[in-house]
Amino acid sequence: MRRQITNFPYQPSDSECEKASNSYLMSLVAVVAGLPLPILNLIATFFFYVANRNKPYFVRWHCTQALLSQFALFFMNSYSFWWTVSILFGDVRFTNEYFAYVLTVIVVNIIELISTIYAAVQVRKGIHIKFFFFGGLTDLICKPKTLHL
């Protein structure tokens with residue numbers, strides 16, 4: 001995933017940077033714990049998002065971006081998981097399409113892993129990182145809270 005470094009509307013505090021960075025780390029921990037089951041990554045990131053949805057804007061923004069990127073990977077990983085299960089335990093055979101898809105999924109997961117580690121490190125430093133596609137989508141979904149007087 002292509003990363004874009006941008007300015008954020010305010011300078012986040014150290015604790016905000018840590019919580020925002022943890023949103024990316026949560027998906028990495030979930031990968032280790034639930035590698036064969038793609039839903040575990042999504043569930044772990046979702047619960048972290050829910051726990052932090054009322055936090056400051058910087059934290060909410062990065063929790064949302066982490067959730068969206070995991071959500072997209074969930075579909076790719078689930079399809080490859082169930083395709084593999086149907087080959088191993090069903091009457092479906094290995095095909096060139098299967099190997100091409102699995103290779104693509106592996107490459108996308110490696111890119112996501114590297115991007116997530118990079119984002120976690122940079123966000124912990126207070127540097128705002130936007131993933132290609134997911135950053136723009138996060139901007140549309142996550143807005144700063146305004147006071148209504």
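Predicted model: local features only at pLDDT ≥ 70, side-chain atom pairs only at ≥ 80, totals over all residues.
**Ground rules.** I number residues from 1 along each chain as its sequence is written, and I keep to heavy atoms for side-chain values, leaving out hydrogens and water.

**Aromatic pairs.** I looked up rings of Phe, Tyr and Trp (for Trp, the six-membered ring) whose centres lie within 6.5 Å, calling planes under 30 degrees apart stacked, over 60 edge-to-face and the rest tilted. I then took up W83 and Y98, an edge-to-face pair whose centres are 5.2 Å apart and whose planes stand at 80 degrees. This pair links distant parts of the chain, with W83 in helix α3 (residues 57–89) and Y98 in helix α4 (residues 96–124), 15 residues apart; helices here are DSSP runs of H or I, at least four residues long, numbered from the N terminus.

I call a residue buried under 20% relative accessible area, exposed over 50% and partly exposed in between, with a 1.4 Å probe and protein chains only. W83 counts as buried because its relative accessible area is 19%, and Y98 is likewise buried, with a value of 7%.

Y101 is partly exposed, at 22% relative accessible area. I note that W83, Y98 and Y101 belong to one aromatic cluster together with Y79, F94 and F99.

**P38.** I located P38 in helix α2 (residues 38–51), where its relative accessible area of 11% makes it buried. Taking contact as heavy atoms within 4.5 Å, and not counting residues up to four places away in sequence, I find that P38 touches F74, N77, S78 and F81. I also looked up P38 and F71, which lie 33 residues apart along the chain and have their C-alpha atoms separated by 9.8 Å.

**T138.** Which residues is T138 in contact with, leaving aside its neighbours within four places in sequence? I find W61, T64, Q65 and L68. T138 itself lies in helix α5 (residues 134–141), and I record it as buried because its relative accessible area is 0%.

Technical notes. Helix = DSSP H or I, 4+ residues; strand = E, 2+ residues; numbered from the N terminus.
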